[in-house]
Amino acid sequence: MLAAVAVSSTCPGLYCGRMMVNGSVEGECGVCPRGERANMQKVCERCIESPEIYDWLYLGFMAMLPLVLHWFFIEWYSGKKSSSALLQHVTAMLECSMSAVVTLLVTEPVGMLTIRSCRVQMLSDWYTMLYNPSPDYVNTLHCTQEAVYPLYTIVLIYYAFCLILMMMLRPLLVKKMACGLGKSDRFKSIYAALYFFPILTVLQAIGGGLLYYAFPYIILVLSLVTLAVYMSASEIQSFKNLVAKKKRLIVLFSHWLLHAYGIISISRLDKLEQDLPLLALVPGPALFYIVTAKFTEPSRILLEAGNGH
């Protein structure tokens with residue numbers, strides 16, 4: 001049966017293909033080499049397309065995850081009196097930026113800040129290992145490949161470079177600068193990274209395809225929730241409270257950038273004249289919170305309930 005498959009004009013399954021050698025199709029049906037995928041004629045074809053805007057936005061989202069987690073744990077463990085927190089924030093951004101540049105340089109075409117890719121067509125493109133065909137219902141034809149080249153592996157390579165650069169730069173910086181913290185506390189942000197990088201790696205390996213389609217909505221929901229939690233915890237109930245500290249404005253503008261990123265990712269800017277006005281909605285959640293905060297103050301509600309009795 002396998003011999004029959006090999007000489008047939010087409011191959012079974014979604015991702016099995018035959019090699020093109022010197023302009024003619026040769027060889028048995030099987031997995032395409034890395035950087036290629038089977039076309040409609042079941043012939044392995046080199047990925048030469050440039051990523052779409054949505055693909056770059058997805059890569060940007062996956063690149064932001066370790067940076068945001070770095071910043072969160074640095075702020076969480078630095079303490080109010082630590083003078084090194086800002087420098088650690090800058091170092092974390094430098095680590096992730098350098099990792100992104102190096103990752104692009106080592107990805108095809110090597111030495112250029114651009115990549116060639118295969119177009120994502122459907123969710124199954126991310127999970128080709130689940131679609132290995134069995135032409136005779138006995139033998140399995142293994143055609144597992146990176147059909148979304150290089151969107152799957154490039155994120156894993158980026159995380160590896162982030163981890164390497166962090167281990168090279170951050171411990172020396174923290175040891176020299178984190179004088180306001182105890183010896184057991186100053187390295188906790190690094191220890192946290194040693195936990196969340198494996199988690200991010202597993203998340204990409206297992207849920208990369210789901211994240212690809214869901215990340216715009218994840219960004220919007222999480223940014224809205226975290227902004228509401230922050231404003232509630234900081235007891236921001238008026239514009240005066242909001243502008244009282246520079247840190248609050250930085251947090252607000254950061255969340256606005258995330259709101260805008262999510263909106264752009266959903267709209268994909270297919271029609272600029274229709275999509276750009278949606279960015280006017282970015283300040284909406286913060287304004288709504290400030291306007292309605294005084295009506296939902298727990299102490300006021302309890303007081304009115306007591307007066308009612």
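**Note on the pockets and aromatic contacts of a predicted model**

1. The second largest pocket holds about 360 Å³ of space. The structure under review is a predicted model. A total of 18 residues line this second largest pocket, and those nearest its centre are Arg37, Ala38, Asn39, Met40 and Gln121. Strand S3, residues 36-38, and strand S4, residues 44-46, each contribute at least two residues to the lining. Sorted by class, the lining of the second largest pocket comprises 8 nonpolar, 3 polar and 7 charged residues.

2. The largest pocket contains about 2,000 Å³ of space. Its lining is made up of 39 residues, and the closest to the centre are Val68, Trp71, Phe72, Val251 and His255. Four helices each supply at least two residues of this lining: H2 (53-78), H3 (85-106), H5 (188-233) and H7. By class, the residues lining the largest pocket are 25 nonpolar, 9 polar and 5 charged.

3. Helix H7 spans residues 246-267 and includes His259. Is His259 buried or exposed? The relative accessibility of His259 is 2%, so this residue counts as buried; the cut-off for buried is under 20%. Residues up to four places away in sequence being set aside, His259 touches Leu220, Ser223, Leu224, Leu227, Val282 and Pro285.

4. Tyr261 also belongs to helix H7. Which residues does Tyr261 contact, once its neighbours within four places in sequence are left aside? They are Trp56, Leu57, Gly60, Phe61, Met64, Phe215 and Ile219. For one of these, Phe61, the separation along the chain from Tyr261 is 200 residues, yet the two C-alpha atoms are 8.9 Å apart. With Leu57 there is a further detail to note: the side chain of Tyr261 reaches the backbone oxygen of Leu57 at 2.6 Å.

5. Across the whole structure, a search finds 18 aromatic pairs. One of them joins Tyr58 and Trp126, with ring centres 5.6 Å apart; the planes stand at 70°, so the pair is edge-to-face, the cut-off for that class being over 60 degrees. This pair links distant parts of the chain, since Tyr58 is in helix H2 and Trp126 is in the loop between H3 and helix H4 (153-177), 68 residues apart. Tyr58 is buried, its relative accessible area being 0%. Trp126 is buried as well, with a relative accessible area of 3%.

6. Trp126 forms an aromatic pair with Tyr212 too, at 5.3 Å centre to centre; the angle between the planes is 45°, and the pair is tilted. Distant parts of the chain are again linked: Trp126 is in the loop between H3 and H4, Tyr212 is in helix H5, and 86 residues separate them. Both partners, Trp126 and Tyr212, are buried.

7. Which residues form one aromatic cluster? The members are Tyr54, Tyr58, Phe61, Trp126, Tyr152, Tyr212, Tyr213 and Phe215.

Note on methods: Residues numbered from 1 in each chain as written. Predicted model: local features only at pLDDT ≥ 70, side-chain atom pairs only at ≥ 80, totals over all residues. Heavy atoms only, no water. Buried < 20%, exposed > 50% of the residue type's maximum accessible area, 1.4 Å probe, protein only. Contact = heavy atoms within 4.5 Å. Polar contact = N/O pair within 3.5 Å; in protein donor to acceptor, adjacent residues only side chain to side chain. 1 Å grid on protein atoms, 1.4 Å probe; cavity = no way out; pocket = protein on both sides within 12 Å on 5 of 7 lines; lining within 4 Å. Points joined across faces, edges and corners; volume = space filled by probe spheres on them. Nonpolar A, V, L, I, M, F, W, Y, C, P; charged D, E, K, R; others polar. Phe/Tyr/Trp six-rings, centres within 6.5 Å; stacked < 30°, edge-to-face > 60°.
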